[in-house]
Amino acid sequence: MHSFYLAWKYIIYNRIKTAVLVACVTLIAFLPFALQLLLEESERQLTSRAVSTPLVIGAKGSALDLVMNTLYFGDEHPEAIRMEAVNRIWDSELALPIPVYTRFKARGFPIVGTTLDYFEFRRLEPASGRNMAVLGECVVGARVSADLNLKPGGSLVSSPESLFDLAGVYPLKMKVVGVLEKAHTSDDLAVFVDLKTAWVIQGLGHGHQDVTRLTDPSLVLKRSGSNVAATAKLYHYMEISDKNIGSFHFHGNTDGYPITAVIAVPADEKSGTILQGRYLSKNENQQILRPKVVIDGLLQNIFRIKNVLDAVVSVVALATIMAIVLVFALSLRLRQSEIQTIFKIGCSRLTIAKLLAAEIMIIVAASGFLCGFLLMVVNRFTNDLVRRLFIG
Amino acid sequence: MISGSAMVETESLKFQYHESSFHLSIPYFAVQAGEKVAVVGPSGSGKTTLLNLLAGILAPMEGSIKVGKTAVSDLNDAGRREFRIRNIGFVFQDFELLDYLSVLDNILHPYRITDALKLTGEVRQRAILLAEQMGVDSHIKKHPKELSQGEKQRTAICRAMLPQPKLILADEATGNLDPENKTRILDLLFAAVDDHGTTLLAVTHDHELLRRFDRVIDFNHFQSDGPG
Amino acid sequence: MINEMRSYFLLVPVLLFLLLSTAAQAVDDPLDVYVVNYPLKYFAERIGGPHVKVTLPVPADVDPVYWTPKIADIGAYQQVDLILLNGAGYAKWVNTVSLPRSKTVDTSRGFKDRYITVKETMTHSHGAEGKHAHEGLAFTTWLDLYLASEQAEAIAEALARRRPQLQDEFRANFQSLEKDLLALDGRIRAIVSANNTVPIIFSHPVYDYFVKAYGLNGRSVHWEPEQEPSSAQIAELRNLLETHPARWMIWEGTPVKPAVDVLHAMDIQSAAFNPCGNVPSDGDFLTVMQQNVVNLEPVFR
């Protein structure tokens, strides 16, 4: 006990040196554990989500981008496919198709255009408010609600795609009608709208005055016996309300409207296999993926990188340990007179060794405690860190 | 005060450092119990070596050393260490306090570095009492760097006296002090050894203080070769 | 000890019974079905029998075509086991609400290639080359009774998917309904065949499928059976009669006497043919259609 008391007094007196030593030891202990935590969490997040999503259909191209965007709403947007892809699966009667359109954002959070089937598929229930019912309504994930302080009754405006895209997507003021229960998945960070609302954001659907009854000539481009062509000056409503919802409409055939991907939930394994077989043709411009297979490939790459990182960290750790040993050795040399004094007083060499060992143990214990605390902090934020580092 | 029985006694003492030409040879040396003896001599004559031999820090090549009733020269390393910490107090020229301990912790230090001494409440109270006697009681929470030279040496004396040793060995205890402090330190040291009946053997270069000792031993009388 | 063991052994079959009863009860609970018009309600009830609970939340005095549900109504639609839509643009409110597609059946999807496009009076577009909107569809598909039987078959299949153990019963019920619908279809064909090209006026443009199915020569105006026609409406009719010399107007419901008198003065008689979009005050879909057929007989005589 006296050894620890004396060691503690020495450590406290030499705060800066102690702090540096503790920091070094903490870092070399923390890094590999933190990395392991992050990788385990990323594996858990990525895998559980991938396993729960049987099939994804999208445009041919990067399988990883398609899966990451569809499952985790990552920033990389694959090429869009047409709504007709959903009808194709529906008509096959092999799977339930759930369209997903993730092109837009609102205050940094992805807007996910989909159908009500998505919520049943992911087992998402509103914690407050209700699910979306009418065009222009949105339901937000738990984190969106917390970060933006949104509750049912609030509103959220979609973000323009680029600052200077004057002819592009209009910001739409959406009404928040519900906040989902915390799901501990990417769904917590999403703003969910009906697919049709996403198309309104894109400008494929809109609401405006009755064009056939316009009196302002600057709003009418051309008038014929059966059709009135309006000019670009015609004001499109940027918010959908009870008063103007009746005016909202879509031009053209919605079968050609864009979506990012289709989540297909097959009736059974056999149906899933048959469905996959239908996309094997060389002329096929869509691909069908099993997310688990794609994510397994990604994880293999991540773990390969991790092995390299482990090797690097090991070398750094070795260098750090050698530096720490050098610090202790130099410290011993500087304390020679102290050692001589206590030896003269009557202290044995074993006791001297105990004193030094006590110092080392206190430093290691402090580092261990700090490392544990930092790991707790990392653990608390792994969800966010994994999203930022691996999902994007 | 001479009690009449030898506290320290050496016979035919011979010592030589490894790989050194220094050679100490003392046919006979004795200090009576309760005596305050000064040891003078030129630098390198072996005064500090003698103190180290008496304390058991060094072992003689020949001869015997008795301190009290114990034949120190017959003990092994561990034995000499234990004997030293129980029975001998050191006061050094450079004070040799530990910077990272408070005044009180420095005084109590011997009790924390060996199992031979038990740190109890009674010991703590004695430490505080000693500090009062030495006039450093108001500084017990301070660290050595906050003390004057005199205060440091008085703290060192407390540390040496706390285990109630039979023998105090002071090696140039006033060497680094100004004249006023020298006198004061010596007064305090003498008062402490008188209070506890401790024998004092002090190496000093300070001839002005010699007359205060009971006896002065001139090292020139002992044969030695080379620095020691 | 033995008594305790006896108690445990008795508990097991009791628990098993309760478990099985609960499961059986879940299977036996009627399917909760919401529809958008009365014909679908009638078809679903004929086919589903006691195994379905069919709701048309539209108030009795409102034409379902023009009904807009409140949020609570939409919520109710979202929660049910099955939503039956007519398709062909019926219930435009469906385009602006969120319904779970997995529970939704478009009963006319099977014959979407046979939808009738209605050239609206005016459409609009954005820009010189923009696509048009409001090129509407005729939506009273059930007035073609052959198509009505196809809608009924779609309902039978949807119910069978949800209750496979009852599919034989649903099939048998559908066949019974189909027999009634086709019998009705046969009767109409027999009545119109002698004189199907005779010019007819319809009080509202809701008979497109009926006209096409039976090869009729009909044109439409916009007269309400409960209102006396305005002078503009009368003038419009007169214009129409110059190229379409009809002697009969077919009404959605029994017209008011002043309207009948106006037509009488123009040598036009009135007959009622209720499209039966909402729940009738008397009878059911079949009896209403049978009465419609009776009302048509003098038109084609």
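## A first look

Are Y90(C) and W142(C) buried or exposed? Both residues are buried, and "buried" here means under 20% relative accessible area, while exposed means over 50% and partly exposed lies in between (1.4 Å probe, protein chains only).

Before going on, a word on the ground rules. This is a predicted model, where local features need pLDDT of at least 70, side-chain atom pairs count only at pLDDT 80 or more, and totals for chains, interfaces and linings use all residues. Residues are numbered from 1 along each chain as its sequence is written, chains are lettered from A and ligands numbered from 1 in the order in which they are written, and side-chain values use heavy atoms, with hydrogens and water left out.

## Aromatic pairs

Over all chains, the structure holds 26 aromatic pairs. To pair, rings of Phe, Tyr and Trp (its six-membered ring) need centres within 6.5 Å; planes under 30 degrees apart count as stacked, over 60 as edge-to-face and the rest as tilted. Y90(C) and W142(C) have ring centres 5.7 Å apart and planes at 75°, so they make an edge-to-face pair. Y90(C) sits in the loop between β3 (82-85) and β4 (104-106) of chain C, and W142(C) in the loop between β5 (123-126) and α4 (145-162) of chain C, so the pair ties together parts that are 52 residues apart in sequence. The helices (H or I, at least four residues) and strands (E, at least two) are DSSP runs, numbered from the N terminus.

Now for F210(C) and F273(C): this aromatic pair is tilted, at 4.6 Å centre to centre with 50° between the planes. F210(C) belongs to helix α6 (residues 208-214) of chain C, and F273(C) to the loop between β9 (269-272) and α9 (285-300) of chain C, so here the parts tied together are 63 residues apart in sequence. F210(C) is buried, with a relative accessible area of 1%, and F273(C) is buried with a relative accessible area of 1% too. F210(C) and F273(C) also belong to one aromatic cluster with F202(C), Y207(C) and Y214(C).

## Charges over rings

The charged end of R380(A) sits over the ring of F381(A), 4.9 Å from its centre. R84(B) lies over the face of F343(A), at 5.7 Å from the ring centre. To count, NZ of Lys or CZ of Arg must be within 6 Å of the ring centre and within 35 degrees of the ring normal.

## The nonpolar cores

Which residues touch the most other members of the largest nonpolar core? Among its 121 residues, the answer is M174(A) and F43(C). This core takes at least three residues from each of domain 1 (28-166) and domain 2 (182-300) of chain C. A nonpolar core is a set of buried Ala, Val, Leu, Ile, Met, Phe, Trp, Tyr and Cys residues joined through side-chain atoms within 4.5 Å. A second, separate core has 55 residues, including I352(A), I107(B), Y111(B) and A170(B).

Leaving out residues up to four places away in sequence, F43(C) touches A148(C), A152(C), I155(C), L177(C), L181(C) and F285(C). F43(C) is one of the buried residues of α2(C). This helix (residues 38-48) is mostly covered, with nine of its 11 residues buried. Its cover includes β1 (31-35), β2 (52-55), β3, α4, α5 (167-193) and α9 of chain C.

## Where parts meet

Within chain C, 30 residues of domain 1 are in contact (heavy atoms within 4.5 Å) with 24 residues of domain 2. The domain bounds come from an automatic or database domain assignment. The C-alpha centres of these two domains lie 25 Å apart. Between them the domains bury about 2,100 Å², 69% of it on carbon and sulfur atoms; buried area is the accessible area (1.4 Å probe) that two parts lose on being put together, summed over both. In domain 1, Y38(C), L143(C) and L145(C) lose the most area to domain 2, together 36% of what that side buries.

Chains A and B meet as well: 21 residues of chain B are in contact with 17 residues of chain A. The two chains bury about 2,000 Å² between them, 66% of it on carbon and sulfur atoms. Y100(B), R112(B) and I113(B) supply 36% of the area that chain B buries against chain A, more than any other three residues.
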